[in-house]
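User: I am new to reading structures, and I would like to understand how the terms are applied. Could you take me through some of them?

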Amino acid sequence: MRIAVTGATGLIGAHVVRAAVAAGDDTTAVVRSYSRRDSFDSFDIAKTPIAVADVLGPMALLTNAFSGAEVVIHTAATFAFGGDAEALHRVAVQGTENVLRAAAAAGVRRVVVTSSAVVFGYSSAGEVIDDDRGLADTAGQPAYVIAKIEQDRLALDLADRLGLELVLPCPTMSIGQTVSELGPSNALIVTYLTDPTRSTYPGGCNLVAAADVGEAHVMLAKAGAAGAHYLLGSENLLWSQIHALIGVLGGVGGPHWEIGANVAKLAARSQTIIGLLSGRASLSSVEQANMMGRYYWYDHGRAAALGYRPRSVVTALIEAISWLAASPHIPREARTNMHLAEAVHRFRYDELTQ
Amino acid sequence: MGGLAEADDTVGGPHEGPPDVSVVIADVAEPRNIAAALDQAGLSGLIAAADVDRRSVVVLVDMAGFSAGDPAQLEAAAVEQFVDLLFEAGAASVVVASSADSSSLWAGNRDVYARAELAGYRYVTDGDNPYDIIDLGDETRAGVFPEGSVLFGTPASQAWLDGDLRIVLAALRCDPADGFSGGLRTLLSALPLADKTLEYCQRRDAGEVISAVLSAMPPHFTILDGRRIARGLDGDQSHSEMDAGVVIASRSILLADIAAGLKLGLDPYTSNLVRRVSQAHPLPAAQRFFGDLSALEGVPVAAPIQVRAARARQASRTIGDLIEPWRQEHDPVLFPLKRPLDARAHAAITGLVGDDVAGGWKLALDLMAGAAADVVRSWQFLFDKNTLVRRAVSLGFDPGAVPASAYDDMVEELDSLVPIVSSAPERADGLRWRKINGEIVFSYIRDLAIPFDRFVAAVDVSRAIQFMSDYIGGVIVPVEGDPAGPLARQAERNLYLPQPNYLVLYGGQPIDVSKIEVVRRLEGSHQLYWKTILSANDSATADDGVITFQRTGAGTRVSIVGKQAFTLPPFWKLFDISLVPDLEINLTNHAYTTFFGRTLANFEALVEGRDVAIGVGPDTPVLAPATSIEHAVRRVVDVAEPWLTALRPPPRAQADERGFVHVAPEE
C-alpha cells in the first residue's frame, strides 16, 4: 500500500512511519521544511522518502506530497496544554481541512486522521469509556481537547462531502521514544522523575506505547471502518499506580503522598513563573492541574476486534524510561538520583544486542 | 635568559648559588632616590649580567584604572619614568605590557590599547626613549605549564616568555579581600585569558595560579610604586588615595609583597596570595630588608567580617559578576557600562551611597552582597550544581618524591581492610561499615545489569574517582605505566562538594584530597587503589580505598572498600554525635547510601553516553548574570504587555487646530 504520513517527525507520526515501513508499505514521510530529519536515524527510517509540505502551508505542496498515495495518515498536530489555544485550534481544524482537501485533490481514497481519546471526555468516578460514547461536550475542556473535538466534527463532515473514507484513531496518553520535542505524555514521566517530593494526585489515566499506536494506525489504514473512531489504549491505572511504576523502574521510589488540585495548581503556577524567568519550558500547566481527579479510562474493544494487542503499561514504561534516562530530557541531576531497575537495563541491552 | 636569574632565584626557593632575598623600601620624596633604590635592589646588576644583545625588557603593569588619574593604576608618566631608568641601566628595548581583564566583558574601552591611550601613554618618554605597548593576550603559546600544574592546558603569553628581563611594575593599593594588592596580584595580568576573575580566581585558586606562573615564567624583578596609594576598603574600586612616598623593589616578588604588607601595617600573610605562594615557594628564613619598615599612617584595615564578605562575593560567579560593575567607580564617558541593567543599578547605588561620607551604606551593601553570595553558594551546592564553576587545581605534591614502595604498601594496606569490613554489619542495602580509630571503614557492593565489557568501555577505572558523585574538579598525573594498560601508577587530586551536601549550611568546605593511586586491569576485573597523602584545606585526614569492577555472568559487580575521616565544620564539632549511637548510625548510613547511590547512577549514565560532570566547564559558554536577568525581564514584559496595555487608559482625544475634538463613533 502507498501511504503518506503527515507529522512524520512527531511522537506518533514517527512510529507510524516505522510501522508502515516495517510492514512493507510504500511510505512517504511528509515533513515541514524546518523539521529535524537527522533524528530519523534513531528510528531506522532514515531512507524513507520525504516530501516537504506544511498542513498550514500552500495547498499545492500538500497535494503534491499526497500524489500517488492510496492512504494519507494525518498525525500532524500540536499536543500541548496551557499553550496558545488559537494556534492549537488552527493546526487541528484548519490543518485537517487542508489535509482532507489536498487528499481529495490528489485522488487519495482513504484518510486516517489521528484524533485523541480525550474527545470522548472523562469520568469523575472511574467508569471506563468505550468507542460508542460519542464526542464529548467542549464546555469546560482544555483548549487541546476542544481543538481535537472540533477537528473530528469537521473531518467527519468534510470527508463525507469530499467522498473520502475517514478513520479516526484515538490514542490515549502515548509514551515512548520520540524524535521531536518531549510532549505532555512523556513529560508526565519526566515530571515524576524530577519531582523531589515524589507526589501523586487523584484520578487515573490510560497509558499506551507510541509504538503500538503507530502499528494500529497502519492496521486501521487497511482495515478500519469508514467514519469510525477507534480508541487505542492499553491499561487503565490510577495515577498513584502509574507513579509507583515509574518510581520502581526509574529507581526513585514513591509516591510518598497525594496532592490535591489546589496544590497542583499552585505548583503549576510556580513552575510556569520559574520557566518564564529561567527561559526553560515548564513541564506542567494549570490546565493540566485542572484535569486532576478525573479518570481518563478507556476501552479499546473496537480496535481489539481488528487484532489490536497493545503491550502492557509496565513494558511501555520500561521502554520509555530506558530511552528517557539516556536522553537530554532528563537533567543530569535527576539522572544522578535514578537507579534503573534491572528490567530497564535488560530491555536496553537486549535491544542493543538485537 | 641571557644569564639572568633562574626561576627559583627570584622567589628565594631551592636553587644553586646565593639566594637574593633582599628588598629595598625607599622613601622617594626625592625622585633620585628611586634610581638608587632600584640599583640597590639589584636591577642594574641584572641587566648588566645579561648579554648585550639580550636585554629586551618586558614591564608588566596592571591597567586597573577606571578614570583619568585613578590611583588604582600607575600614571603613565610614572611608568615612563621607570622606562627611562631601565634604559639608563642598560636595557636595549622596553615594552610595557598588560592584558585584558574581566572588566572588558562589562565596560567599554577596556582592551589594553584603549586603556593605554586613555591613560596617556605616549610610546616615547621624556628622556626620548621609545617603548611599545603590547597586549599579552595577543600571541600565546601552548604547552608551557606541565601536567599537574593548575594552569596545565591553558595558554601562556608569548611576549612575556620572550622577554629577556621580565619586570613587574605594580601600583600599591588596598584590597578588600587580601588587605593589600601589589606585585603578586599584578602578575595575573601576565596571563592571557581575558576573563581573569573566572579563569584565574574562581575556577582556580589565585594563589596556585601565581605559584604556577612563578614556576614556569617568573618575573626577574619587582617594583611596587607606593608614592600614592589607592585607599579605602574597596581598594581598586574607590578613587580615594593617600600620599605614601614609598617605592619597594626586589628580585623576589614575594618578598616585595611581604614588605608592602608590613609597610601598610598589615600581617602580609592575611593575603591569600602571599600565603599560598609562600607555601609553594618558601622563602629562606633569613631575609634582608633595606629601608624603613615602619607602618604608614592612615591606611584603613578592613574588619574581619568585611574581609569575609569580600572573599565570599569575589568567589561567587553569580553575585560577584553581577555586583562588580555596580560598585565600580568609573568615568562613564571613558569606560561606559555595556549592559543597561548595570548602568541602571550603578546609578541607583551611586545615588544611595554618593553622600554617604562615612561609608555606612556601602559597607552595608558589601556585607549584604557577601551574605547573598553565601546563600547562592549554598543553594548551588544543594539544588543547582550545574551552575557551579568547575574547578581546576594543581596536583599539590611532587609524585616523583613518593617512593615506589609507597604504592605497593598502599595496595597491601587496602587489601587488608577487606576481612575487617566483610565482618562488619550490613547497615543498608549493600553497605557495611564499622569504626576503627575514629575512621569509617566501609564497603559498598552493588550488581548492575550492564554487561562487563560494555561497562568498562564506558567507565575507565583509572578515572573512577572523577566520575563519583559531586566531583567538582581535579587532576590526574600519570606516574608510571600506561593508565590504559594492565598496571599503572598515577597521582590525583580531587575536589568534591561537602558530604553530605547539607554541611554547606554549616560552613562545610569542599573535600580536597591529593592521592597516590594504582590501576590494575585483569581479565574480568578492573581496580583502582588510592591513598590520600595530603589535604590542602584539611578537609580529610583519611580518604583511602579501592574500587573494583568485576564480571558477574551477564552483568557487572561494583564494589568499593575504603576508610574515611572527614573534617566536620565547626558547628558540628560542637556536638559529639558518637554520644547518640542511633543518630550517628542513621546519619552515616544516609551519607554513604546517598553518595554511593548517586555514584553508581553516574556510572550507569556514563554507559548511556551521558556527561556526568557537574559545574560549568571551561568550554561551556555561560551568560553573565546581568544578561540572564535582562533576558528574564524581557520575557516577563513580553508576557505582561497585553495586560498592561489593557489596563492603560485610552489616549485622550486632542483638539485640532480649530478646537474640535474628534471622537470615534460608538460600536
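User: Why is B:Thr594 called partly exposed?

Analyst: B:Thr594 has 16 other C-beta atoms within 10 Å. A residue is buried if 20 or more other C-beta atoms, placed from the backbone, lie within 10 Å of its own, exposed if 12 or fewer, and partly exposed in between, so with its 16 B:Thr594 is partly exposed. This is a predicted model, in which local features need pLDDT of at least 70, side-chain atom pairs count only at pLDDT 80 or more, and totals for chains, interfaces and linings use all residues. Residues are numbered from 1 along each chain as its sequence is written, and chains are lettered from A and ligands numbered from 1 in the order in which they are written.

User: Where does B:Thr594 lie?

Analyst: B:Thr594 lies in helix H20 of chain B, where a helix is a DSSP run of H or I with at least four residues, numbered from the N terminus. The C-alpha atoms of B:Thr594 and B:Gln499 are separated by 9.5 Å, although these residues are 95 apart along the chain.

User: What makes up the contact between chain A and chain B?

Analyst: The contact takes 17 residues from chain A and 22 from chain B, two residues being in contact if their C-beta atoms, placed from the backbone, lie within 7 Å. On the side of chain B that touches chain A, H20(B) gives the most, with 7 residues.

User: Which residues does B:Leu169 touch?

Analyst: Not counting residues up to four places away in sequence, B:Leu169 touches several residues, including B:Val59, B:Phe82 and B:Asp225.

Methods:
Helices (H or I, at least four residues) and strands (E, at least two) are DSSP runs, numbered from the N terminus.
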